[in-house]
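Visitor: Hi, I'm new to this one. Can you walk me through it?

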Amino acid sequence: MEQIIGNINGIDFTLGETILELSYLISALLFVVGLKLLSHPETARRGNFYAGGGMILAMITTLLLHKDTEGNGIALANVWIILSAIIIGSVVGLIVARRVKMTAMPQLVSLFNASGGAASALVALLEFPNADMTNLGSVLVTILGLIIGSVAFSGSMIAYGKLDGKVKDIFSGVMTYVNLILLIAVVAISVFIMISGQTPEQLNWAIYLLLGVSLLYGIMFVMPIGGADMPVVISLLNSFTGIAAAMAGFIYNNQAMILGGILVGAAGTILTLLMCKAMNRSLMNVIIGAFGGESASGTGTEGGIMKEINLSDASILLSYSKSVVIVPGYGLAVAQAQHVCHELEELLSGKGVSVRFAIHPVAGRMPGHMNVLLAEADVPYNQLVEMDNINPDMPNTDVVMVIGANDVVNPAALNDPGSPIAGMPIINAHLAKNIIVMKRGRGKGYAGIENELFFGEKTRLLFGNAKDSLQNLVNEIKSL
Amino acid sequence: MEQILVYFFTYKEAIFIIALSIFLGIEVISNVPSVLHTPLMSGANAISGVIIIGGIILVGHADSTKISLELILGFFAVIFGTLNVVGGFAVTDRMLEMFKKKKK
């Protein structure tokens, strides 16, 4: 491996170095191919496997073949230290990934994202003392890696806390200004570090201050964002982690890190924008948290009457329908009612009723949340229909059953220009012949707006915990 | 200004990679069905654990004869990076396995 096999611009390169760079190229290609395969249902699992293989390859070759600028490889003692850290990380990662309940998936994704952000921030922090202060570009990427990594870490931790119900949404108008001040502070400290002309040792305090302010910004930035906007935030933080890793790749001039990081950054950004589009809101709007800030302007329907339905009527209505569409929302996940929901679907299918699920892109707390939840309950995925494909069938649907969803079926989005969710594409549940809404109580949805669907002529409500209601409904239908 | 140009020239390969990867990232995941949003995000999340390479390089060349802040924090960086990589790929696989089994 030490054998010199060539020379570029007067610098010799060894066989080991060549193999290392070649392995990075293969890893980078595996990342690209893996991500591509991940975006098709048939090949997704293979894609995940490829990307993982690329990562393992890069880890092994780095460990064996990487040399510092003086040509020293990684000493055996250090190899053991690294291996023990990798073993700890792998064991914990595997246990958590296997054990965690599927309903806790959004939390888990946030937690893993936080750990990636933390790793990036630590690497940037520790590389800062080695930065060449005369090379502003290299100082900049180190600082950016630190800032973005820290924000991704603390932001994801808060997102985790919120999804797990440990952190409450806190919003006040002051926070917008606090965040602005924090952001200015981040920029000011960064500029100071870059132009002060001091050595990294002299700037030690500044870099730790920057770390602190960035961490605080991450917390404050996610804190006011409401639960229903979580799909946007999670995928945004995800793309941050990728960008932070790419910045660290710049520090080491490592192409596999740069490509992998930017790939994730770009893909995450696209997913974020897709989520924003599904809510007809701009990213800015989500971050500033307009739902909390605006006063709700629900018009007209307030004071209407909600009409209840009892179990036996509901079961008869469902059993004698030709087509039923179920609209699941976050309430289904909270109640962990996905299995009994599947039971109901099978029961009705057995009676010759066509049952489909209408999936809104932002239903739940992360992109694709409802799909994962229902897949866990063994609902065949060809029964999950996307919003745009189910809407034309709505007028011919006998019963729409809304389970724990609210804003995604609120017709105010279509016909009340003053509504905070005006323009958001919705599932047109109100066009169906009958609507059964399962709700825990009479409260408003996340956006704090009345849902006129609930007061509609064709709508009947079934109050209670979704899991219990569904179970009772299943029992009732069985006894018909 | 001159410094920016110097920086660009020094790292021109890396900058090319960034510019092209952005388009590649956008292109690769466009038209992804919503069924796959979660696994795609989670798989991408695992790829961002590529920071582990940085962690390995950092700890690999740290002075291991004495316990230093660099060594300790670097050790944690490797743990966190691995957690992101291994946990991320494992959980993505678990999700996709669920999708798979109902295609009887």
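This is a predicted model: local features need pLDDT of at least 70, side-chain atom pairs count only at pLDDT 80 or more; totals for chains, interfaces and linings use all residues.

Guide: Let's start with a term: a residue is buried if 20 or more other C-beta atoms lie within 10 Å of its own, exposed if 12 or fewer, and partly exposed in between, with C-beta atoms placed from the backbone. In helix α2 of chain B, the buried residues are B:A14, B:I17, B:I18, B:S21, B:L24, B:G25, B:V28 and B:I29. Helices (H or I, at least four residues) and strands (E, at least two) are DSSP runs, numbered from the N terminus.

Visitor: OK, what covers the buried residues of α2(B)?

Guide: The cover includes α1 (15-38), α8 (230-251) and α9 (255-278) from chain A, along with α3 (37-47) from chain B. Contact here is when the C-beta atoms of two residues, placed from the backbone, lie within 7 Å.

Visitor: And what comes after α2(B)?

Guide: B:N31 follows α2(B), and its phi is positive, near 65 degrees.

Visitor: How many helices and strands does chain B have?

Guide: Chain B has five helices and zero strands. Of its 104 residues, 59% count as buried.

Visitor: What size of box do the C-alpha atoms of chain B fill?

Guide: Roughly 55 × 40 × 15 Å, taken along the principal axes. The radius of gyration of chain B is 19 Å, whereas a compact globule of 104 residues would have one near 13 Å. That radius is taken over C-alpha atoms, and the globule rule is 2.2 Å times the number of residues to the power 0.38.

Visitor: Back to α3(B): why is it largely enclosed by the rest of the structure?

Guide: Because 11 of the 11 residues of α3(B) are buried. Among them are B:H37, B:P39, B:N45 and B:I47.

Visitor: How many residues does each chain put into the contact?

Guide: Chain A gives 94 residues and chain B gives 75. On the chain A side, α9(A) supplies the largest share, 16 residues.

Visitor: Which residues have the most contacts inside the largest nonpolar core?

Guide: They are A:L35, A:L263, A:V327, A:M401, A:V402, A:I403 and B:V78, in a core of 194 residues. A nonpolar core is a set of buried Ala, Val, Leu, Ile, Met, Phe, Trp, Tyr and Cys residues joined through C-beta atoms within 7 Å. Not counting residues up to four places away in sequence, A:L35 touches A:L263, B:V28, B:I29, B:A44 and B:I47, among others.

Visitor: Which way do the residues of β6(A) point?

Guide: A:V399, A:M401 and A:I403 point one way and A:V400 and A:V402 the other, and all are buried.

Visitor: What is β6(A) joined to?

Guide: Five bridges join strand β3 (residues 323-328) of chain A to β6(A), and the two run parallel. Five bridges also join β6(A) to strand β7 (residues 434-439) of chain A, again parallel. Two strands pair if DSSP finds at least two bridges between them. A:V327 stands opposite A:V402, and A:I403 has A:M438 in β7(A) as its bridge partner.

Visitor: Last one: is A:L22 buried or exposed?

Guide: A:L22 is exposed, with 11 other C-beta atoms within 10 Å. A:L22 sits in helix α1 of chain A.

Conventions:
Residues are numbered from 1 along each chain as its sequence is written. Chains are lettered from A and ligands numbered from 1 in the order in which they are written.
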